[in-house]
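Visitor: I would like a walk through this model. Please set each value against its definition.

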Amino acid sequence: MMSSKTNAVRLLDTAKITYELRAYEVDEQDVSAEHVAETLGLSPETLYKTLVLKGNKDPYIVAVVPGNAQLDLKKIARASGNKNCEMLPMKDLLTVTGYIRGGCSPIGMKKQFPTFIEEAAQLETAISVSAGKRGLQIILAPTDLATITAAHWSDLIDM
C-alpha cells in the first residue's frame, strides 16, 4: 500500500479534521476527474478537481469545481476580484503548488493562495478532492475543506 502521508493528509491530521482516504489504480492515459470518480465508484459531481489560475491582480488563484463541470473564467475572475484569469500553464504547476496534474490538492500547496469552491458543494454531505498525489483521494465535508483552505464559496461553473 502506498504511503498516504501527503502534505494534505498531514494538515488534516494536525487540524483534527475527519476524512476518509481512498486509493485507486492510476491510469496514466486518463487522469481526468470523471475517470477517477468512475474508478472509485463516486458520482462525478461529488469528486472535485483543483484548478490553478493566474489573475491580473493575484498571481495565483485556486478554484475547486465538480469533476463533471467546466470552470467559467469570467466567474472566477469576478469572485476573486480580478479583471481576468487564465489557467496556469501545466509546466508551472509543480513549481507553483508542489503538486502534479492529476494529484493537485487544494490542501497543502507550497503557499496559501486565494481559494474558491463551487457553491454547489455546500449541498453535499461529503466531497472528494486529491490527497496530493495520483492514486489517492480525500473524502471530507465541504465545510471542512473550506475551513482548511480558507476558501470562499462562489458560483464558478459554466452552466
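Visitor: Which residues line the largest cavity?

Guide: First, a word on the source. This is a predicted model, where local features need pLDDT of at least 70, side-chain atom pairs count only at pLDDT 80 or more, and totals for chains, interfaces and linings use all residues. Residues are numbered from 1 along each chain as its sequence is written, and side-chain values use heavy atoms, with hydrogens and water left out. Now the lining: Tyr24, Glu25, Val26, Asp27, Asp30, Val31, His35 and Val36. A lining residue has an atom within 4 Å of a cavity point.

Visitor: What makes a space a cavity, and what makes it a pocket?

Guide: Both are sets of points on a 1 Å grid over the protein atoms alone. In a cavity a 1.4 Å probe fits but cannot get out. A pocket is an open set with protein on both sides within 12 Å along at least five of seven lines. The count gives one cavity of 30 Å³ or more, and the largest cavity has a volume of about 30 Å³. Volume here is the space filled by probe spheres set on the points, which are joined across faces, edges and corners.

Visitor: How is the lining of the largest cavity divided by class?

Guide: Four residues are nonpolar, one is polar and three are charged. Ala, Val, Leu, Ile, Met, Phe, Trp, Tyr, Cys and Pro count as nonpolar; Asp, Glu, Lys and Arg as charged; the others, Gly among them, as polar.

Visitor: What lines the largest pocket?

Guide: There are 24 lining residues, with Lys49, Thr50, Leu51, Arg101 and Gly102 nearest the centre. β2 supplies the largest share, five residues. By class, the lining has 14 nonpolar, seven polar and three charged residues. The pocket holds about 460 Å³ of space.

Visitor: Why is Ser80 called buried?

Guide: Its relative accessibility is 8%. Buried means under 20% relative accessible area, exposed over 50%, partly exposed in between (1.4 Å probe, protein chains only). Ser80 is therefore buried. The residue belongs to helix α3 (residues 73-80). Helices (H or I, at least four residues) and strands (E, at least two) are DSSP runs, numbered from the N terminus.

Visitor: What makes the Ser80 and Asn82 pair a polar contact?

Guide: Their side chains are joined at 2.9 Å. The rule asks for a pair of N or O atoms within 3.5 Å; within protein, one must be able to donate a hydrogen and the other to accept it, and residues adjacent in sequence count only if both atoms are side-chain atoms. The Ser80 side chain also reaches the backbone oxygen of Ala77 at 3.2 Å.

Visitor: Is Pro106 buried or exposed?

Guide: Buried, because its relative accessible area is 6%. Pro106 lies in the loop between α4 (93-97) and β6 (115-118). Beyond residues up to four places away in sequence, Pro106 touches Thr50, Val62, Val64, Val129, Ser130, Leu145 and Thr149. Contact means heavy atoms within 4.5 Å.

Visitor: Why is Lys16 called exposed?

Guide: Lys16 has a relative accessible area of 73%, so it counts as exposed. Lys16 sits in the loop between α1 (7-14) and β1 (20-23). Its phi is positive, about 55 degrees, although Lys16 is not a glycine.

Visitor: How do you know that β7 and β8 pair?

Guide: Two strands pair if DSSP finds at least two bridges between them. Strands β7 (residues 127-130) and β8 (residues 136-140) have four bridges, in the antiparallel sense. Ser130 stands opposite Gln137 in β8.
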